[in-house]
Every structure is written in structure tokens, then in C-alpha cells.
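Visitor: I would like to learn how to read a few local features in a protein model. Please take them one at a time.

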Amino acid sequence: MKVAIIGGGIVGLATAHQLLIRYPRVEVLVLEKETGPARHQTGHNSGVLHCGLYYKPGSIKARLAVQGIQRMVDFCAQHSVPYELCGKIVVATEAEEIPRLHALLERGTANGLKGLELLGPTQIRDYEPHAAGLAAIRVPQEGIVDFTSVAQAMVSEICARGGEIKFSSEVTGLQDSGGWRIQTKSGDWGADFLINCGGLHCDRLSTMAGTHDPTQIVPFRGEYYKLKSDRQHLVQNLIYPVPDAKFPFLGVHFTRLIHGGIEAGPNAVLAFAREGYRHSDINLRDLIETMTYRGFWRFLLRYPSMCWGEFRRSFSKALFCRSLQRLVPDLQIGDLIQGGAGVRAQALSPSGELVQDFYFVRQPRALHVLNAPSPAATASLTIADEIITFAQDGIGE
């Protein structure tokens, strides 16, 4: 039995890793188009270990996040990958946010999080001396890690267990005739079962394999600033705003990085390329696909003010700074220097709804992961178990 996994990001690698543990006699082949692992969503991740505060109780996200953070922490400890459970605070800066903050506390409690605290203004400053707010939730289980190092450790484990990883192997064709023939830029491969963890290109791979799922990946770029070294004392660990349930993104926040430094962001703007990490990155095929997808226009009509606000903030450092000052008033525009960016592979339905949960599509001899949003990196090992459970009828030894 041979299983081919398309995608060398953290979800694809975790799936290969768990497959080799659960089915040691199965041949596992990972195909990745880049020259190394974790070059896109995983490698541009801010490195937060999410423990399940935000997610609807009973959702796949909530279950996998709560289970996943402990699995990830154990993996990091076993493989000497640096991590820290530093905790975070979620801060309400306006009176209208306080009911949402209390609802968030109830949600986190329902999801099984331990040690949650409701803080007043004085207690906020005990944890974050430069933060300001009317109330906050302290989440002690939240943490930070380097997910690229996690991916590298998974590559080593996969190879040690007899798995095979082929880099520079972009998939160009998929044919199923009782078994898969996979055409790539490095040669052709065969497999009995296919798992698509293609991230930014997962919908195209799914279509190439013969599915007709109506969702489409729309790329959203998240842009970051960093704090200058002499102003990093303004943030101790992680400071987040209270998310607005009417909008699909968390809002800009502060993140301490595991190897040092403070990141501020991200916003969320349409990327003109699926791998578009800069304003100037434009891919005509990607852009035309987005602009001709009715779900994208319905999304814009659903959230016009949010989309316009995010677009303006992308081009205005002053607006970006103003959003951050709600959390840390002492921050000044001169404290910010340009940081990196990531692109989120967001599945969008034809009705204009963002697919919020993990989304899997089954096919004879194949399983497609068509949406793996945050907390996918944190929960990658438990997502891998979920994928294998969905696929186990076709994988049996």
C-alpha cells in the first residue's frame, strides 16, 4: 500500500508522520513543489500556540485545538524544538466589548481551557504594564513556538521512519484508474491513495483529481510590523483585542516571537497572488480566478466596511499604528518598522461565506483538505489523526 501526500507544509508533514506511526508497513511519499518544507503558510506563521479560546464549542476547530496544543508541546519537548507557554491577554478597550469578552470566557471554559482569569484594569497592568483596557481575559495555556523548526523535526522523523519526501516536485497532473498516477515536474509517481494537503493550491489539486467542490481558495495577505529593539519592552508576551463576531478576522495584535522580537499585526487584505507576500506580487491567473468568482464579490458585499478599512490600513502606517494604540497607548508610529507577511489560504463558498472550520472532501482513493485555517499549525498532529480517520477505509494495510 502506497500513500502519496501532496504538500510539505506542517499539515502534510504531520499527516505523513502520523501515518508512519499508525501504519508502519504503508509506504508514504510526500510531494512538495518548493525546494524545502514549510515555505508558505507554515513558514510565514507568527508562531502562536492556540489553545482553543475562540472556537465554537463542539466544532472540529475547538476539539482539535484543545487536544492539539498538548500534542504539539509534547512533540516540541521530545525533539528539542524551543517553545514557551507564556500566556496571553485578550483586552476589551471599550464598554461595548465587555459582553463579548464575557461570552469569550464562557466559550473558552466550555472548550475545557484551564486557568482562565477575568482581569480588571489594574490586573491587566500586572501582566502587561503598558497595555490599557477596561477588562481582559488571561489565557495561561497560550504560547509561542517556531513552526518552521517543528516542520524540520517532522521531516527528520519521516525520513527516519522510512518515508520519502520529494522536493521540487510540483504536481502537474492527477489520473485515477484504480490507482493514482501523479505527474510532477520531477517525474511521475504512483500511489494507491492520495491525500491533498496543498494549502494555497488545494482547490486546484482537488479539481485536477476530479472533484467538483464549489468552494475556492481566496488568498488574504496578513502584513506585520515589528517593534524597534529599544521599544520591545512595551509588550511582555501576547496582547489581543476582543474579536468582533460580525467580522471574520481577529484584528491586529502583539506577539512576542520565540527567537526574540515583537510582531504587530496582521491586517487582512486580498492578495493579488496566492503566494503574494508583497503589494507588488501579482499573478494574473490567481487574480482572474478571484475576480471571476461570485463568492468573492458576495463576500465584499457582506463586509464592505471591514474590507475597505483593512485595505486603507495596508497602505497607511498611521492607521495601522492607531489600531495598535488601542491596546498599547504608549506606542508611537516611530516605534514600528516593516515586518514580514503571510498569505492565508481561505476557502470561500459561492454564497460569500468564509469557511470557518476545517473542511475535508472525500473521493474514492483520495481525501482533500480544502480548508485548514488557524489553529492548523498548533493542531497539526490532531488534524493528521482526523485525516487518517477519514481516510482509513482506503489506507488499510
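Visitor: Which backbone oxygen does the side chain of Ser169 reach?

Guide: First, what is shown is a predicted model, in which local features need pLDDT of at least 70 and side-chain atom pairs count only at pLDDT 80 or more, while totals for chains, interfaces and linings use all residues. Residues are numbered from 1 along each chain as its sequence is written, and side-chain values use heavy atoms, with hydrogens and water left out. A polar contact is a pair of N or O atoms within 3.5 Å; within protein, one must be able to donate a hydrogen and the other to accept it, and residues adjacent in sequence count only if both atoms are side-chain atoms. Here the Ser169 side chain reaches the backbone oxygen of Lys166, at 3.5 Å.

Visitor: Is Ser169 buried or exposed?

Guide: Buried means under 20% relative accessible area, exposed over 50%, and partly exposed in between (1.4 Å probe, protein chains only). Ser169 has a relative accessible area of 1%, so Ser169 is buried. Contact means heavy atoms within 4.5 Å. Leaving aside neighbours within four places in sequence, Ser169 is in contact with Leu31, Glu32, Lys33, Thr184 and Ser186.

Visitor: Where does Ser169 lie?

Guide: Helices (H or I, at least four residues) and strands (E, at least two) are DSSP runs, numbered from the N terminus. Ser169 lies in the loop between strand 9 and strand 10. Ser168 is found in that loop too, between strand 9 (164-166) and strand 10 (171-176). At 38% relative accessibility, Ser168 is partly exposed.

Visitor: What is the phi of Ser168?

Guide: Most residues other than glycine have a negative phi, and most peptide bonds are trans. Phi of Ser168 is positive, near 50 degrees. Ala38 also has a positive phi, of about 60 degrees, although it is not a glycine. Ala38 lies in the loop between strand 2 (27-31) and strand 3 (48-49), and is buried at a relative accessible area of 7%.

Visitor: Which residues does a cis peptide bond join?

Guide: Pro266 sits in the loop between strand 17 (262-265) and strand 18 (269-270). Another joins Ser374 and Pro375, with omega about 20 degrees. Pro375 is in the loop between strand 21 (366-371) and helix 11 (380-395).

Visitor: How many bridges join strand 11 to strand 12?

Guide: Two strands pair if DSSP finds at least two bridges between them. Five bridges join strand 11 (residues 180-184) to strand 12 (residues 187-191), and the two run antiparallel. Trp180 stands opposite Ala191 in strand 12. The hairpin between these strands passes through two residues.

Visitor: What is the order of the open sheet of three strands?

Guide: The order is 3-8-4, with antiparallel pairing. Strand 3 and strand 4 (83-84) are the edge strands, each pairing on one side only. Two bridges join strand 3 to strand 8 (residues 143-145), and Leu49 has Gly143 as its bridge partner in strand 8.

Visitor: Where is Trp297 found?

Guide: Trp297 is found in helix 8 (residues 294-302). At 42% relative accessibility, Trp297 is partly exposed.
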